[in-house]
Amino acid sequence: MSATAARPEELDDATRPNYLNVSHTIKSWLLTQDHKRIAVLYLVSISFFFLLGGLAASMIRLELTSPRGVMLESETYNKMFSAHGIIMVFLFLVPSIPATFGNFALPMMIGAKDLAFPRLNLLSWYLYMIGGGLILAALLMGGVDTGWTFYTPYSSMYSSGHVVLAIVGVFIAGFSSIFTGLNFIATVHKMRAPGMTWFRMPLFVWAMYATSVIIVLGTPVVAITLALVAVEATMGVGIFSPALGGDPVLFQHMFWFYSHPAVYIMILPSMGVMSELIACFSRKRIFGYHFVAFSSLAIAGLGFIVWGHHMFTSGQSTFQSLVFSLISFVVAVPSAVKTFNWMATIYKGNVDLRSPMIFALGFLGLFVVGGLTGLYLASLATDVHLQATYFVVAHFHYIMVGGAMMGFLGALHYWWPKMTGKMYSDNWAKIGAALVFVGFNLTFFPQFILGYLGMPRRYHYYDFAPQWQAYNIMSSAGASVLALGYILPAFYLLHSLKYGKPAGRNPWGAVGLEWQTESPPDTHNFHEIPIVTHEAYDYAAVDEIEHAQAQEVMKKEAHMGSDE
Amino acid sequence: MFNFPLRPEAASTFAGQHDLLFGILTVLTIVFSVPVMILAIIFAVRFRAGNKVDRSRPSHENLKLELTWTIIPLLLALAVFGYSAKLFVDLRKPPKDAMEIFVIGKQWMWHIQHPNGVRENNELHVPVGVPVKLTMISQDVIHAFYIPEFRTQYMVVPDKYTQLWFQATKEGEYMILCNQYCGTQHSEMVGKVIVQRPDEFQKWLADGGRSMRPKDRTMVESGEDLYKLYNCANCHGDVDTPRGPSLYGLFGKRQQMTDGTTVLADDEYLRESLLKAEKKLVAGYIATMPNYEQELSEEQALQLIAYMKTLGVQKPAAPAAPAAATTPQEGNR
Ligand code: HEM
Ligand SMILES: [Cu+2]
C-alpha cells in the first residue's frame, strides 16, 4: 500500500524545472515573487525565530526547577519570558501557518497561478524580517522586561528596557500580516479557477479567509495601541499613564481588542489544516462542510467581542464583565461543533494512520483540553481565582502550542512532499509526533494544578511556597521531551531533501487541486488552469475502490489535463 | 521530599463555592474531552483502511445531529455561566457592615492602613468570620492583590480605587501575592494575611499592631490634621460659599457639574477632586482649587477622604483655621 514508490513516468521529476530549481542564485530567492518561494523564505525564517523562542523557554523552565531560581537574576528572568512571549506570539504564532502554508498552498488550492499581489507578498516578507530584526536588536541590546502584553503604565513609564524599539518591531511585523491578509482576501475573491465556487473551496481556504478578515480588522488596532505606548514613552504625552493624565486600563481594552481575536489568528488556520488532514486521511468528505465553514466565520466574528474576559478583575463594571463572560461562553460552541464534525468525519472513514493523521489526532486531544479549560477562565467566579496564574499559562499553551503548533507540524508533514518533492521517513515522523504529544502533556498539564494552587505567572521566586516545586520539576522534565520532539523533525525532514524518495504528484491520494500538479510544482503551479466540477473532498467517488486504485484514477485524471 | 497538593487550603466563605464550581467545570471537561479522545482513537483504529467494517451509508450532513451537538453544549455553557455570574455578582458586592481596610500597592510592597491609624507593610491582619472590604490603589503601575487561599484577587490600579471583599473562615496565615506583572521584583512582592480570632485582632489593633509603631491618630484624625494643615476650611465651609462648595454631607450625594452631568460623590470622586480638582468642576465654580497631586501621597488622600466622610455626621466645626497643627504624616512610605 505504499504510495511512495516512484512511478516511471515521474522519475524525471528531479530534473524537470520546478519552482525550487528554476534558478539558484541568492538574488533569485530574495527578489522572487513566486508565492511558493516566499513560503519557503517564511518557513526558514519562522523556524529560526521559533528556535530562539524555544531557547528562551528552556531557560525559563530551567530557572523554575528551584524555588529560589537556578541561575537568573530577576531582571534577566523577566527579559527572558518577555523575549519568549514576544517572539512566539508575534514572530511565530501569528505568521506561522498563514505565511508559510497559506502562502504555499492557498493559491494552488483554488487553482490560481499566484496570489493576487505577488509583489506585496514579497514586501510582507521583508516587513516581517525587518520587524523581526528590530525585535531581535531590542533583545540583544539589553532586552525588554514588559512581557509580550506591554501593559501600561509599566511599559511606557517604568520599564528600563528597549521597549520602544521592540514595539516598533511588532508594529512593522503587524503590517506584514495585514498585507498577507489583504492578499489572501483579494486572492480568494478574484483568483478562483473556473468552477471553484465558494462552497467548493477547501476548508483550509475558508479558515485562511476568516483569519485574514480578523488580521485586517484587528491588527491596525494593536499597531495604533503600541504606537501610542511609544508616543507616551518617548514624548511624555499622557495617554495611558495616570501620572500624565492618562487612563491605565484603556491600554488593556485596546490591546485585547486585537489580542483576543489574535488567538483565533493563531488557531483558525490550524483548524483549517485539521479539516484537510482529517478529510484526506479518512478519505471522506468533511462531515457538515457548511457548519465547519460557517463556524470559522462565527468564531472570527464573535472573537471580536470577548476581549473583556481578560479584564474581569481590572475594575471594569460588573455589567461589562457579565456581558463579556456570556459571549465568551457562546464562542466556545462553534469550536465544539468543529470538533464533533471532525469526529464524525473519521467515523466510517477509510483511515490511513500516517504521520500527518497522527498529528491531527494529537491536535484533537490537546485542542479539546485547551478549549474546555478556557471555560474556567470565561467563567467569572473561577476566573477571579485563576486569572493570571499558571492555569492561564497552561490553557494558552494547550491552545497555542497544542493547537497551533500541532497544526503547523501537521501542515508541514502534509505539504512537505508537495513543497520539496520528497518523502520523509514516516516512522520517524510518528516518533516525533508521539514525543511532542507526551512531552507536551507532561510539560503543561502540571501547570493547571500550579495555577489552581495559586502560582502567578511571571514569577520565578517561590520560596514562600515550596509546595509548587514538584509540579515545576515535572513541567521542566516534560519540556525537555517536548524540545526533543520539536528538534527531531528538523533531522528527518532535512535528511529527506537529499535521501528521500520522490513523492510523486499525490502521495496521499488526496483530492485537492494542489495535488494534481507536480511535486514540487513548476513556477506557474498548473500547466493549464484547472476547471473545477466537484465539491471539495469528493472522496465519495473513490470510496468503494481500493486505495491504490484510487490513486491510479487520480493520477490519470491529473495527466489528462487536470480537468477534474 | 515532594508532595503533590491538588488545591490550596480553602479559607474564605467564597473558597468553598469557588471549588464547587471548579469541580463542576472539571466534571464537564472530563465528560466532553475523555470520550472525544477515546472515540477518536477507536474510530481511527476501527475504520483503518483495510479493516473490513461496515462503512455503508456514510453520512456527510445530518442537520438533526449537528443541531443536537450545537444546542446541548450551548445550554450547558449558559447554565454554568449563570451560576458563575451569580457567584461573581455577590463577590463584587461587599456587605454593608464590612470592615474597611485600605491597601496601597507600589513597586514592590503592600502598604496597609487600618481606620484606626495602624499601618503594616506586607502583612494584613484581619479577624476571622468578619466580612472585610479592601479599598485599594496603586502608587505606580498596575498590581493585583491576590490571596489564593481565599480564591480571590483584584487589580490594584493607579489613579483609581478598586475593591475586594472576603470573609475569612479559618485562623492562620495565608499568602498575599502580586498577580499582575509589575517589574523587576514582581516575584518578591509577597506578603501574608494573618487571620486572628476577633478578640485577638481587636487587641492587636488596639496595641497599635506588632510590626509598626503605634500611630496614636486614627485615619480620620490624621485626615483632620491634614485638613487643617492645608487650610481646606478657608474655602469649604459648613455651607456653600462663592469660594467653594461645602463638604458637609457631601459623601454619597449627587453633585451637579458645570458640564451638566451629575456625579455621585464617592471615594473615587473625592480623590479626584482632591488631587485633580480641575477635572470635574461643581456647577457654579471655576478652577480655583489647587491640584494637590504633587503634595499628597495616596495614603494622605485616603486619610483626607476618611475625614471628609465624617463631615456629614459631625457637627460643623467652627470655620476656624488653627495655625499649622501637625506636620503631614511622615509615614513609613
Ligand atoms: C518547550 C516548549 C515551551 C515551554 C516549556 C514554555 C514555557 C513557558 C513558560 C514557563 C512561560 C512563562 C510563563 C510566565 O512566567 O508568564 C511561557 C510563556 C509563554 N509562552 Fe511558552 N513555552 C513553550 C513553548 C511555547 C510555544 C511553542 C509558544 C508559542 C507557539 C509559546 C508561547 C508563550 C507565550 C505567548 C507566553 C507568554 C509570555 C508572557 O507571559 O509574556 N510557548 N512559556
Ligand atoms: Cu505588582
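Which backbone oxygen lies 3.1 Å from a polar atom of the side chain of B:S12? That would be the backbone oxygen of B:F150. Keep in mind as we go that this is a predicted model, with every value computed from its atoms.

Let's stay with B:S12 for a bit. You'll find B:S12 in the segment before helix 1 of chain B, a helix that covers residues 13-46. Its relative accessible area is 6%, so B:S12 counts as buried, the cut-off being under 20%. What sits around B:S12? Leaving out residues up to four places away in sequence, B:S12 touches B:E149, B:F150, B:Q167, B:A168 and B:T169.

Now hop over to chain A and look for helix 14, which runs over residues 390-420. Follow helix 14 along and you'll see a bend of about 40 degrees at A:Y414. There's a proline, A:P417, within the four residues that follow A:Y414. Is helix 14 mostly covered or mostly open? It is mostly covered, with 30 of its 31 residues buried.

B:N122 belongs to the loop between strand 3 (119-121) and strand 4 (123-127) of chain B. With a relative accessible area of 22%, B:N122 is partly exposed. Another is B:D159, where phi is about 70 degrees. Look for B:D159 in the loop between strand 7 (152-156) and strand 8 (162-167) of chain B.

In chain A, the bond from A:S519 to A:P520 is cis, and its omega is near -15 degrees. A:P520 is in the loop between helix 16 (469-499) and helix 17 (540-543) of chain A. In chain B, B:Q107 and B:W108 are joined by a cis peptide bond with omega about -5 degrees. For B:W108, the place to look is the loop between strand 1 (99-106) and strand 2 (109-113) of chain B.

Next, the surface. Which residues make the nonpolar surface patch of about 510 Å²? The patch is made by A:L326 together with B:L63, B:L67, B:I71, B:L75 and B:L78. Helix 2 of chain B, residues 63-91, gives the most to the patch, with 5 residues. B:L63 is in that helix, and B:L63 counts as exposed because its relative accessibility is 56%, and exposed means over 50%.

Last stop: the salt bridges. How many does the structure hold over all chains? The count is 25. In one of them, the side chains of A:R285 and A:E535 meet at 3.6 Å, N to O. A:R285 lies in the loop between helix 9 (250-282) and helix 10 (289-302) of chain A, and A:E535 in the loop between helix 16 and helix 17, so this pair ties together parts that are 250 residues apart in sequence. A:R285 is buried at 14% relative accessibility, whereas A:E535 is partly exposed at 36%.

Chain B has its own pairs. B:K309 forms a salt bridge with B:D267, and their closest N and O atoms are 2.9 Å apart. This pair links distant parts of the chain, with B:K309 in helix 6 (residues 298-310) and B:D267 in helix 5 (residues 267-275), 42 residues apart. B:K309 counts as partly exposed at 23% relative accessibility, while B:D267 counts as buried at 13%. The side chains of B:E272 and B:K280 also meet in a salt bridge, at 2.9 Å from N to O; B:K280 is partly exposed, at 35% relative accessibility.

And here B:D159 returns: B:D159, B:R271, B:K276, B:E293 and B:E298 are linked in a network of salt bridges.

Key
Residues are numbered from 1 along each chain as its sequence is written. Chains are lettered from A and ligands numbered from 1 in the order in which they are written. This is a predicted model: local features need pLDDT of at least 70, side-chain atom pairs count only at pLDDT 80 or more; totals for chains, interfaces and linings use all residues. Side-chain values use heavy atoms; hydrogens and water are left out. The bend at a residue is the angle between axes fitted to the seven residues ending there and the seven starting there. Helices (H or I, at least four residues) and strands (E, at least two) are DSSP runs, numbered from the N terminus. Buried means under 20% relative accessible area, exposed over 50%, partly exposed in between (1.4 Å probe, protein chains only). A polar contact is a pair of N or O atoms within 3.5 Å; within protein, one must be able to donate a hydrogen and the other to accept it, and residues adjacent in sequence count only if both atoms are side-chain atoms. Contact means heavy atoms within 4.5 Å. Patches are made of residues with over 30% relative accessible area and no salt bridge: like charges are joined within 9 Å, nonpolar side chains (Val, Leu, Ile, Met, Phe, Trp, Tyr) within 5 Å. Accessible areas come from the Shrake-Rupley method with a 1.4 Å probe; for residues, only the protein chains shown count as cover. A salt bridge is a side-chain nitrogen of Lys or Arg within 4 Å of a carboxyl oxygen of Asp or Glu.
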